[in-house]
Structure formats: structure tokens, C-alpha cells
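Welcome! Take a look at the sequence and the 3D view below, and then we will walk through some parts of the picture together.

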Amino acid sequence: MRSETPLVKITMASGNDRSQSTATANGGKVLPSSTTKVALITGITGQDGSYLTELLLDKGYEVHGLIRRSSNFNTQRINHIYIDPHNAHKARMKLHYADLTDASSLRRWIDTISPDEIYNLAAQSHVAVSFEIPDYTADVVATGSLRLLEALRSHITTTGRTHVKYYQAGSSEMFGSTPPPQSEDTPFHPRSPYAASKCAAHWYTVNYREAYGIFACNGILFNHESPRRGENFVTRKITRAVGRIKIGLQSKLFLGNLQASRDWGFAGDYVEAMWLMLQQEKPDDYVVATEESHTVEEFLEKAFGYVGLNWKDHVEIDKKYFRPAEVDNLKGDSSKARKVLGWIPKVGFEQLVKMMVDEDIELAKREKVLVDAGYMDAQQQP
């Protein structure tokens, strides 16, 4: 379980002030200041951003994250690795306000931070929600990626820092209705505004690589989950319900299409593939997947069965969770990533499900303490 830490504060510290620290967030050694790499991550507060930050800090990087301004702190996933910037000898993760819809902020922070690697993970990443807010989704996911690439191109032109490397987070949703298995050569057929926007971001990245010689890679990542997954994504929605039902705080779970099949892996494994792409001599595009496909119904069977429950006693179908255009089956062919990058997934499907259920049972236990003490309404869920 993650430890509780104070809310994260935002620093406007200059990225040119390279840390002289010899201790990482976990107490290990880092590279000397002259060779410390600097990474810039958009979407640092998300699931992937938090795991990638941990990975890079462990490798001795100085990490800068761009976050959107909000009246509420949304940094829960990185609180456990946050160190106050006033503790200059240890604080190697710094956060800055910016937004993919604001080109000026992107250019300013790239110029200020002077990163060696840029990881663009930010997005409106919920497929179903993209049907409800398609304009915003396209502006952030597609045009936002273009703004970041253009800011990088301008930075390189001005400074001559041609070694800067760029990673663009793609999605298996881009393949849409194209039959599996899907590889780097499989045609895209997006079935949602989110997927179409990711396709645009993919081709913007290819274009800037070919037109300007930028070291830019696309990682076409298939579904990757973890205990840090957002609670409105189907896998986490299931494991949260399992925990609450097991503890007695909930009785029903409402879902949509149970026959949708996905290639599910562990997010902590997938961020390693992102990093490996930017360590190669030449930029390229890679599919990252477990090469196994499971239906939502199979996920239910594993999750409920793990705690001795029958999912059929608790799950009901609600048509509002069906999408206007469904994606039936996604299953990746990651042979290129395995051969070129030497990457292989370490966490299997069943282990992933158990990991998520274990975490959410503990969360439900803490929630029950609040319910029993009268601080929470146990009837918020059916």
C-alpha cells in the first residue's frame, strides 16, 4: 500500500538547476550531476506517469512533470515519491503548471527545463467519455500532441539540442475493428473519438520524425492496468466492486459489454518499454502487449472467484455502458518489441487481477472504518 504523504506543492524552479543529489527517493545512488539525464513527463499524475516517474528516479534521472491546474490536488499517485523542492539535495521530481491545450506553456517549460527525454502521456484517456466530449478529446489528444511536437521542434531549432528524444503514447484502440493479432503493420480503424485522436497523434509523431529528423517514437500500448488505474475504467471498476462487496459495502455491479476481449498487462511493465524505446540508436514505433486476450467476463470470473464469490450473483447489465461503436477484440503482436528492445512482460493476467483485488480489498476495509464511524454513507452504492 502507498504511504500517506502531504499534498504536493508546485514549484516553478528552473530546469537548468541540475540536482547535485547523491540519494534517490528510495535511498539509492544517482549519476553525477554532469551526466544526470533530465526527463519531462506530461500526464505525470496518471497511472503510467506515476510508474514511469518511479522507474526514471530509480535510474538516476531528474524528472519534471507538467500538471493541469485544479482546485483540488490530483497528485495522489505520486505523493509517495514527492519531496519538497526546498529539500534541494533530494528533490529530483519537480512539478510545473501547463496544459496540452496551451502551446505557450509547453514551449516555455521545454526551454526552461531543457529535457533530454520527453514522454507525452497526457490525454483525455477514457474511450466512452470521448463520445460525450469529442471536441475536447481531439484538442488534447490529437492537437495537444501536435503542439508539444512543434514546441520541441522550435526548441531544437533555437538551441541546437538535437539529441532530445520524444515518446508518444499510442493506444491499441487505434486498431479498433481490425482483426487480431495487431502489430506495427496492422492498419488502423479507430472506433471512437479517442482512438481517432490517438491515430492523429501517431501520424503527427511519424511526420515530425521524417520531416525534421526528430528522435520520436510511438508506443502502441495495449490495455495496461494496475491498482492505480482510474476507478471509471472497467478493470478497476470491477476490482473496486469486488472489494466493497466482499467487505459488505456494496451488493451490485453494473457493466456493459461482457464479451469485449482485451490484451491486459501490468502498467509497471509497460513503462519500461517506453524507456527502452528512447534508449535505442534509431527511433521507431513499437507494439507493447502480453499477446494474450481475455474477455470482460473472464476478468469477472478471476476477480470474483479469487475471493470466493460468484460474479453472476452481483453483476447486472446496463445498456448505458454500451458504446455507440464497439471494439470487439484487441490482441497484440509484440514480437518486434521483444526482439529489438529485449522487453517481456513480467506480470501475467491472473497475477494482475489478484494484485488489483488485494489492493481494493484493503481500500474497502479502510472505507468500512469510515462507514462504521458514521463518516461515510454506506448506501452510496447499490
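Is the crossing of α8 and α10 left-handed or right-handed? The crossing of these two helices is right-handed. Keep in mind as you read on that this is a predicted model.

## The overall picture

Let us begin with the protein as a whole. Its secondary structure comes to 10 helices and 13 strands. The protein has 382 residues, and buried residues make up 53% of them.

Contacts give another view of the fold. Taking contacts between residues at least 6 apart in sequence, 80% join residues at least 24 apart.

## Two helices that pack against α10

Two packed helices are described by the angle between their axes and the distance between the axes. For α8, which covers residues 296–306, the angle with α10 is about 55° and the axes are 9 Å apart. The two helices are therefore oblique to each other. On the α8 side, the residues that meet α10 are E298, F299, K302, A303 and Y306. Their partners in α10 are F349, E350, V353, K354, M356, V357 and D358.

Now turn to α6. The axes of α6 and α10 come within 8 Å and cross at roughly 50°. That makes α6 oblique to α10. Here, too, you can look for the handedness: α6 passes α10 in a right-handed crossing. From α6, the contact is made by T235, R236, T239, R240, V242, G243, R244 and I247. From α10, the residues taking part are M356, V357, D360, I361, L363, A364, K365, E367 and K368.

## Salt bridges

Side chains of opposite charge can pair when their charged atoms come close. This structure holds 22 salt bridges. One of them joins the side chains of R236 and D360, at 2.8 Å from N to O. R236 lies in helix α6 (residues 234–247) and D360 in helix α10 (residues 349–372), so this pair ties together parts that are 124 residues apart in sequence. Both R236 and D360 are buried.

The side chains of D372 and K368 meet at 2.9 Å, N to O. Both residues lie in helix α10, 4 residues apart, which is about one turn of the helix. How exposed is each partner? D372 counts as exposed because its relative accessibility is 56%, while K368, at 29%, counts as partly exposed.

Another pair to look for is E225 and R229, whose closest N and O atoms are 2.8 Å apart in a salt bridge. E225 is buried, and so is R229. Finally, E231, R240, R244 and E367 are linked in a network of salt bridges.

## A buried histidine in a loop

Our last stop is H126. You will find this residue in the loop between β4 (117–120) and α3 (127–132). Is H126 buried or exposed? H126 counts as buried, because its relative accessibility is 14%, and the cut-off for buried is under 20%.

What does H126 touch, leaving aside residues up to four places away in sequence? The answer is N232 and F233. With N232 there is also a polar contact to look for: the side chain of H126 reaches the backbone oxygen of N232 at 2.8 Å.

Conventions. Residues are numbered from 1 along each chain as its sequence is written. This is a predicted model: local features need pLDDT of at least 70, side-chain atom pairs count only at pLDDT 80 or more; totals for chains, interfaces and linings use all residues. Side-chain values use heavy atoms; hydrogens and water are left out. Buried means under 20% relative accessible area, exposed over 50%, partly exposed in between (1.4 Å probe, protein chains only). A polar contact is a pair of N or O atoms within 3.5 Å; within protein, one must be able to donate a hydrogen and the other to accept it, and residues adjacent in sequence count only if both atoms are side-chain atoms. Contact means heavy atoms within 4.5 Å. A salt bridge is a side-chain nitrogen of Lys or Arg within 4 Å of a carboxyl oxygen of Asp or Glu. Axes are lines fitted to C-alpha atoms, for helices over the stretch in contact, and angles run from 0 to 180 degrees between N-to-C directions. Angles under 35 degrees count as roughly parallel, over 145 as roughly antiparallel, 65 to 115 as roughly perpendicular and the rest as oblique. A crossing is left-handed if the near helix is turned anticlockwise from the far one by less than a right angle, and right-handed if clockwise.
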